[in-house]
There are 2 protein chains.
Amino acid sequence: MLDIPKRDRRAERRAATRAEILDAAWAQVRANGLAALSLRDLARTVGMQAPSLYSYFDSKHAIYDAMYAQGARQFVEAEPSDQPGDPLEGLKQLVRFYVGFCAADAARYLLLFQRTIPGFEPSAESFAISEGSLERVGQRMAACGITDPDAVDLFTAIGTGLTDQQLSNDPGGDRWIRLIDDAVEMFHDYMTKKAKQPPARRRAR
Amino acid sequence: MLDIPKRDRRAERRAATRAEILDAAWAQVRANGLAALSLRDLARTVGMQAPSLYSYFDSKHAIYDAMYAQGARQFVEAEPSDQPGDPLEGLKQLVRFYVGFCAADAARYLLLFQRTIPGFEPSAESFAISEGSLERVGQRMAACGITDPDAVDLFTAIGTGLTDQQLSNDPGGDRWIRLIDDAVEMFHDYMTKKAKQPPARRRAR
DNA sequence: TAGGGATATCTAACATAATTAGGATATTAG
DNA sequence: CTAATATCCTAATTATGTTAGATATCCCTA
């Protein structure tokens, strides 16, 4: 206890205020929308002046990037990893998680999965955090015997469409649970049926 | 020719520069992204100073609103109205149109169907222009014998999800045509099968 | 315990944005 | 020809992100 180097003390404190800034940023963004992040207001709520933030973050985009990384970390940590016995149920579980995660925090959803902030693109490191989720989807589909290369894309499209629907029409409601089960079952039925069919007819071009 | 009232002449000219401003706004937005609409630049390209725009539009949001209304008008005018013989083909046609329309102009799509501009919401009048499209979807689904109240929402979700996929992964490509046909067939199969089933089991809560 | 270097924060200023106020100039109407 | 009006301008206001440079605060060493 006594021999904690002062240098670490300082680094600790620095990380603490960095986190405090990020928390305040989330609060502001949740209250007024993702785009409404004012450095002046942000600095004021943490008891600073605006330029002082620049010793913690290089720019406003850097703050968004840190928020992105934080959200992505939350995403991968909350993602269900144990697959239930019924593979179809596993797919449903995944989509329920995804839509539920997004609906729980609209601002976070917009930051992570829609690109709605003018010049902002997440950095490679931040983006890498959430990589691998798509592979998990592919694994669960394979467990259901679905191997069509287009299937992941179609499935993703359904998932994001449902999320959109949920967030724009009925945020906070739970009607989407019914829709998810329907959609996943529909998807599963169709893909298994299609897999049994001959070569699969292709559209001429 | 000679007896055109000067007053009409003026109104005509006024409408012309209004249209010119809107055209320049579209060009700017298509070139640099939907959010990158600068009144100064906009004014410069039409040979004005920024404040002069305010005699044509009340604010920047008013410009976005006019663009929205214009895009919505394009949408309803281009929407296929004659239903083909095969009702399933009618559904496919509608989704193909929708995704194609959106993919043809990403900026217009973002303005109309995603809410990506900070404080902007289309006015009631502008929004009303595109109303009624959903009903048309419902009609075509009814022609297929699909009457489930959730079906329209699920269908819409699939459509927007596909559009998203198309625009973010393969803008300009035509892979989505295959995906659309797949998705619509899948949807149709499932809904008709479901309609034949007994009361339909509901999830307990 | 006094001084020097790093650290944290500040104030002042700049560039750009949308927007408002008020004046100058041309066009129209009586 | 004169008065009104429409059209555009310049100048100023407010708010933004950001930079430059100064000032205080802390920590380690002599």
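Which residue forms a salt bridge with A:D105? The residue is A:R30, and the closest N and O atoms of the pair are 2.3 Å apart. A salt bridge here is a side-chain nitrogen of Lys or Arg within 4 Å of a carboxyl oxygen of Asp or Glu.

This is a predicted model, in which local features need pLDDT of at least 70 and side-chain atom pairs count only at pLDDT 80 or more, while totals for chains, interfaces and linings use all residues. Residues are numbered from 1 along each chain as its sequence is written, chains are lettered from A and ligands numbered from 1 in the order in which they are written, and side-chain values use heavy atoms, with hydrogens and water left out.

Chain A is divided into domain 1 (9-57) and domain 2 (82-196), with bounds that come from an automatic or database domain assignment.

| Property of domain 1 and domain 2 of chain A | Value |
|---|---|
| Separation of centres, over C-alpha atoms | 32 Å |
| Buried area between them | about 460 Å² |
| Salt bridges between them | 1 salt bridge |

Buried area is the accessible area (1.4 Å probe) that two parts lose on being put together, summed over both. Of the area between the domains of chain A, 82% lies on carbon and sulfur atoms. On the side of domain 1 of chain A, A:W26, A:R30 and A:L34 lose the most area to domain 2 of chain A, together 90% of what that side buries.
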